[in-house]
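Here are my notes on this model, as numbered points. Please read them with the structure open.

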Amino acid sequence: MRKEQIQILQDARDICDNIAKAITKRNNGQPFCKSYCPGEERLVTIIQQLVNAIKDNEPECSARLAEELQNVKQILPNQCVNPYSFGAIVAIVNILCRKYLKSKDNTRKLFISHSSKDKAIVNGFIKEILKIGCGFKDS
C-alpha cells in the first residue's frame, strides 16, 4: 500500500474506534452523543475514501465496504448508524489494519492448528519455513 492509502486506513480505524466508544457511552446512559461522537458523515466520508483507495489492492474488501456503506445510514431508533453494518465495517477495517499496519510492538502472531499425528511435519515447517525462511522467533 502507498503512504496515502495507509493514512486513509489509519484515519478509518481511528474514526471507527471513536464511534465505537461513543456507542458504548450512549449505551451506558450518557446522553447527547453528538458531543463526543465523530459522526456518521465522517464515517461515511472516510469509508468512501477507503473504498476508492483499496479497490485495486483489495477488491473484495472494497466491494464489501461499499455494500455495507449503503446500509450504514439506515437509522434505527436512538442510533446514529446501523449497528450491523457498522460492525461489518469495523471488522473489515480491522482485517486491513492487521494486514497493512504494523502493530505497536511490531510483532505478528501465527497459530498453526494440526493433528498430533502431523507433529514431525509441522515441526519441520516451523523450523525450515517460519524460522529460517521468514525469521519467526520461538515466542
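1. A term first. Buried here means under 20% relative accessible area. By that cut-off, the buried residues of α2 are E40, L43, V44, I46, I47, L50, V51, A53 and I54. The cover over these α2 residues includes α1, α3 and α4. Keep in mind throughout that this is a predicted model.

2. Overall make-up. The protein has five helices and zero strands. Read from the N terminus, the order is α-α-α-α-α. The protein has 139 residues, and 33% of them count as buried. Take the contacts between residues at least 6 apart in sequence: 60% of these join residues at least 24 apart.

3. Helix α1. This helix covers residues 3-27. Does its length agree with its residue count, or disagree? At 1.5 Å a residue, its 25 residues should span 36 Å, and the end C-alpha atoms are 36 Å apart, so the two agree. Q5, I6, I8, L9, A12, I15, C16, I19, A22, I23 and R26 are its buried residues. Among the elements covering them are α2 (40-54) and α4 (83-100). After α1 comes G29, with a positive phi near 95°.

4. Helix α2. With 15 residues, α2 reaches 21 Å from first C-alpha to last. That is close to the 21 Å expected at 1.5 Å a residue.

5. The core. In general, nonpolar side chains tend to be buried together in soluble globular proteins. In this model, the largest nonpolar core has 28 residues. Which residues have the most contacts inside it? They are L43, I47, L50, L65 and V93. Four helices each supply at least two residues of this core: α1, α2, α3 (59-72) and α4.

6. V93. This residue sits in helix α4. Is V93 buried or exposed? It counts as buried, because its relative accessibility is 1% and the cut-off for buried is under 20%. Leaving out residues up to four places away in sequence, V93 touches L9, A12, R13, C16, I47 and L50. V93 and C61 lie 32 residues apart in sequence, with their C-alpha atoms 8.8 Å apart in space.

7. α1 against α4. The two axes come within 10 Å and cross at roughly 140°. The helices are therefore oblique to each other. An angle must be over 145 degrees to count as roughly antiparallel. The crossing of α1 and α4 is left-handed.

8. α2 against α4. Here the axes come within 13 Å, crossing at roughly 45°. That makes α2 oblique to α4. The crossing of α2 and α4 is left-handed.

9. α3 against α4. How do these two helices run, roughly parallel or roughly antiparallel? Their axes come within 8 Å and cross at roughly 155°. The two are therefore roughly antiparallel. α3 passes α4 in a left-handed crossing. On the α3 side, the residues in contact are C61, R64, L65, E68, L69, N71 and V72. On the α4 side, they are S85, F86, A88, I89, I92 and L96.

10. V122 in α5. Helix α5 spans residues 119-133 and contains V122. V122 has a relative accessible area of 10%, so this residue is buried. Which residues does V122 touch, not counting those up to four places away in sequence? The contacts are with I112 and H114. I112 is ten residues from V122 along the chain, and their C-alpha atoms are separated by 8.2 Å.

Conventions:
Residues are numbered from 1 along each chain as its sequence is written. This is a predicted model: local features need pLDDT of at least 70, side-chain atom pairs count only at pLDDT 80 or more; totals for chains, interfaces and linings use all residues. Side-chain values use heavy atoms; hydrogens and water are left out. The expected span of a helix is 1.5 Å times one less than its number of residues. Buried means under 20% relative accessible area, exposed over 50%, partly exposed in between (1.4 Å probe, protein chains only). Contact means heavy atoms within 4.5 Å. A nonpolar core is a set of buried Ala, Val, Leu, Ile, Met, Phe, Trp, Tyr and Cys residues joined through side-chain atoms within 4.5 Å. Axes are lines fitted to C-alpha atoms, for helices over the stretch in contact, and angles run from 0 to 180 degrees between N-to-C directions. Angles under 35 degrees count as roughly parallel, over 145 as roughly antiparallel, 65 to 115 as roughly perpendicular and the rest as oblique. A crossing is left-handed if the near helix is turned anticlockwise from the far one by less than a right angle, and right-handed if clockwise.
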